[in-house]
Amino acid sequence: MNSSQKASYHAGEAKGQTQEKASQMMDKARDTVQSAQQSVQETGQQITAKAQGAADAVKDTFGANK
């Protein structure tokens with residue numbers, strides 16, 4: 001293998017490693033976004049439940065829940 005072939009081989013090797021690293025980073029970013037979406041959804045559900053509880057408490061206070 002001459003020096004030109006070696007350089008080409010190493011360039012291909014580096015390209016493959018870069019592509020794999022990029023793929024891993026995209027997977028990690030996708031997982032982070034998915035986790036954030038789930039967290040936001042759960043927070044929204046908690047807020048909705050608390051707001052409903054507060055509304056029920058007000059209704060109970062004024063006898064509107066009977």
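Where do D27 and R30 lie, and how many residues apart are they? I looked this up and found that both lie in helix α1, 3 residues apart, which is about one turn of the helix.

Before going on, I noted that this is a predicted model, in which local features need pLDDT of at least 70 and side-chain atom pairs count only at pLDDT 80 or more, while totals for chains, interfaces and linings use all residues. I also noted that residues are numbered from 1 along each chain as its sequence is written, and that side-chain values use heavy atoms, with hydrogens and water left out.

Next I looked at the pair itself: the side chains of D27 and R30 meet in a salt bridge at 2.8 Å, N to O, the term standing for a side-chain nitrogen of Lys or Arg within 4 Å of a carboxyl oxygen of Asp or Glu. The structure holds 1 salt bridge.

I then checked the whole chain, whose secondary structure comes to 1 helix and 0 strands, where helices are DSSP runs of H or I with at least four residues and strands are runs of E with at least two. The C-alpha trace spans about 90 × 10 × 5 Å along its principal axes.

D27 counts as partly exposed at 36%.

Last, I turned to Q38, which has its place in helix α1, residues 3-62, and is partly exposed at 46%. The C-alpha atoms of Q38 and K28 are separated by 15 Å, the two residues being 10 apart along the chain.

Technical notes. Buried means under 20% relative accessible area, exposed over 50%, partly exposed in between (1.4 Å probe, protein chains only).
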